[in-house]
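This briefing is for a reader new to the structure. Please look over the sequence and the model before reading on.

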Amino acid sequence: MDGVHRVALCGAGGFARSAHLPAIVASSNLELVAVYSRSRSSAEGLIEATKKYPNLSQQQISLYSDDGPSNESFEALLARRDIPTVVFSLPIATQPKLIERAFAAGKNIISEKPVAPSLEEAKRLIDLYEKEYKPRGQSWIVAEQFPWEMSYCKARKWVQEGKLGDIRGFKAEVYIQPSNMARNTGWRQVPDYQGGYILDGGVHFVAGLRHILPYPITSVSATSSQIQDFLPPCDTLSGILTATPPSSSASSTTSAKPISGTFTFSFGTESGTARNYTILGSKASLTVDFSKGSVHTLTLSTLPTNSDESEPHNLVIELPQRGVEEEFEAFGQALVEGPKSEIWQEVMRRSGPRATLRDLAIIEGGLKSSSEGRVVDLRELVGGDAWFEI
C-alpha cells in the first residue's frame, strides 16, 4: 500500500514486546514484516506476541535468528530488499556492530537509545553515517521517546510562548527503583558500558529536560555514588547543569542569559518515587510530574499580577504517557515523506543522532566530572566538529 513503510523488529526483550511492538502496530505508516533475535526461541516468543494484534494475527511474519538455518540468519534478513528499515531494540553494547552491518546492507535504522555506549563510539558512528551512508539516502533515527511525550511537548510550548517569563532556573528529580524485569536482565546486572543504570535510564531524563529548556545544556558538575551492590558501577548521579543561549539565536542579541539548575537521578534509593521537572520563571513556575507512569501531571503556577491577589493561579492538566507511540508515528511519517519534509526535520531535532549525542554527553560528562572533580564543558567534551547548534 502507498504510504506504508515495511520494517523488521530486531530484539525480543521486554521493551521490544511491551513498547516497540505495539507502537509499530499502531503506526499508520509502518508495517511489521519480520523479526530477529539472537535465539530462535526468543524470536518465536516475539512472533507469538504479535498474534494478539488483530491486524497481525493472520499475517505471515518472517523469523530470523543466529541459531537457525542460514536462510534465516541476520545476514539473510539484511539481504531482503523489500525491507528498507530495521528497528533495533537490543542491549546497549550490542547495537553498534549491528548498526554498522545494517548500514552496509543499505538499510535505514531506528535504534534504541542511547545513540551509543560512549561519546567516542557515538562520534565514530555518526561520522561514518554522515560521510558514507547519509549521502546514499539512508536514514538513522534514535528511539528516544521522552522528547515525544505529550507532557514535555506542552511544557516546551509554554516555555516558548513566554508563559513563564524569563527562565531563572530548573530542577530535575528522579528517584526510581528498577523493575524486576529490568533488574533481572543479564546485560544490566553486569554492564559492559559506563554508568550502568545511570546511562541506561539517565539519557531519558536529560532528553526530556533538553526538550523543555529554551537553550542547550553546555556544562555539568556532578558527583556519583553506588548505593546498592546490585546496581554497578553507580546508581546515583547528582549535580548542576548550565544551559547557554546559542550564539546563532535571535535571543542572543537581547538580555538572554545562561541558566543553571540542579538534578538528581537515583536508582538506588529504596523509598520514594519522585520523578519531576520544575522550571522556574519570572512570571510562573511549571512542574511536570511523571511519577505515576501512565499519566503525567503539569502544574503551571502563575504569580499574582496585582496587589489585590495574594496567591498564584494554578493550572493543572493531565496528559497520557504516549512517548513511544508518538515517536513511532512520527518516525513512520518521516520515513514515508522523506528528508525534505517538515516532519523529517522535526524528527532529527528531537531524535536525530546528533541531538541524542547531547543526552549521552551530559551523562558521560557527569560521570567524568565526578571522577575528576571538575566542571565539564560539554562543547569541549564532544568536540567542535561534533557539537553544533540544533
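Helices (H or I, at least four residues) and strands (E, at least two) are DSSP runs, numbered from the N terminus. This is a predicted model, in which local features need pLDDT of at least 70, side-chain atom pairs count only at pLDDT 80 or more, and totals for chains, interfaces and linings use all residues. Residues are numbered from 1 along each chain as its sequence is written, and side-chain values use heavy atoms, with hydrogens and water left out.

**Cis peptide bonds**

- Proline 233 lies in the loop between strand E8 (217–225) and strand E9 (236–243), and its peptide bond from proline 232 is cis, with omega near -5 degrees.
- Lysine 113 and proline 114 are joined by a cis peptide bond with omega of about -10 degrees; proline 114 is in the loop between strand E5 (108–112) and helix H6 (119–133).

**Nonpolar cores**

- A nonpolar core is a set of buried Ala, Val, Leu, Ile, Met, Phe, Trp, Tyr and Cys residues joined through side-chain atoms within 4.5 Å; buried means under 20% relative accessible area, exposed over 50%, and partly exposed in between (1.4 Å probe, protein chains only).
- The largest nonpolar core has 85 residues, and Leu77, Trp140 and Phe265 are among those with the most contacts inside it.
- Helix H10 (residues 197–212) supplies the largest share of this core, 9 residues.
- Phenylalanine 265 is in contact (heavy atoms within 4.5 Å) with residues including Ala172, Phe205 and Ile363, leaving aside neighbours within four places in sequence.
- A second, separate core has 33 residues, including Val25, Leu30, Trp148 and Ala330.

**Helix H11**

- Helix H11 (residues 323–337) has 15 residues and reaches 21 Å from its first C-alpha to its last, close to the 21 Å expected at 1.5 Å a residue, where the expected span is 1.5 Å times one less than the number of residues.
- The buried residues of H11 include Val324, Glu327, Phe328, Ala330 and Phe331.
- Glycine 338 follows H11 and has a positive phi, near 95 degrees.

**Proline 54**

- Proline 54 is in helix H3 (residues 54–57) and is exposed, with a relative accessible area of 71%.
- Proline 54 and valine 25 are 29 residues apart in sequence and 9.8 Å apart in space, C-alpha to C-alpha.
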